[in-house]
Amino acid sequence: MKLSTKGRYGLRAIVDLARFSESEPVSISSISSREDISEGYLEQLMALLKKAGLVKSIRGAAGGYVLARPAGQISVGDVLRALEGKLEPAECAAYHPDEGCQAADSCVTKYVWKKINDSINDTVNGIMLDTLAEKSRQLRPEEEEKEKACSRR
């Protein structure tokens, strides 16, 4: 399984949002400058995240984006599925009855694909945005200070 830039950049953007939207909405331009992602691409990613109910947009001069739920209630799996769709690296028709698989009864590899798919989903569903936001604060504390200085002006 290989994630596209949608998944990789979108996850970075929503982690940034989890860090900085606790007290006020975060603008696309501020995410863009911190994460080095173009504003146009961020708009596309935020539209997908909004459609999935993970972020909300706030209009107006002090507008921007905020998380739609607390960061502790949004998993990496929620984000990646909103941006990438299914996370199955191997789709096996044996586990999709509507598709049907003639070899389902005698195929042993279906257990491998199921285990891989389950492992990926268990992993991404077990990592929450609040954990990643805290890790980001630890790795990049200078951004917190810069943000505080800007908001004092």
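A salt bridge is a contact in which a side-chain nitrogen of Lys or Arg lies within 4 Å of a carboxyl oxygen of Asp or Glu. By this rule, the side chains of Asp118 and Lys114 form a salt bridge, with an N to O distance of 2.8 Å. The structure discussed here is a predicted model. A search of the whole structure finds seven salt bridges. Three of these pairs are listed below.

| Salt bridge | N to O distance |
|---|---|
| Asp118 and Lys114 | 2.8 Å |
| Arg137 and Glu22 | 3.5 Å |
| Arg137 and Glu134 | 3.5 Å |

**Within helix 5**

Asp118 and Lys114 both belong to helix 5, which covers residues 109-125. Four residues, or about one turn of the helix, separate them. Asp118 is partly exposed, at 32% relative accessible area. Lys114 is also partly exposed, at 35%.

**Around Arg137**

Arg137 takes part in a salt bridge with Glu22 and in another with Glu134. Arg137 lies in helix 6 (residues 129-139), while Glu22 sits in the loop between helix 1 (5-20) and helix 2 (28-35), so this pair ties together parts that are 115 residues apart in sequence. Glu22 is exposed, with a relative accessible area of 66%.

The pair of Arg137 and Glu134 stays inside helix 6, where the two are three residues apart, about one turn of the helix. Glu134 has a relative accessibility of 37% and counts as partly exposed.

Key:
Residues numbered from 1 in each chain as written. Predicted model: local features only at pLDDT ≥ 70, side-chain atom pairs only at ≥ 80, totals over all residues. Heavy atoms only, no water. Buried < 20%, exposed > 50% of the residue type's maximum accessible area, 1.4 Å probe, protein only.
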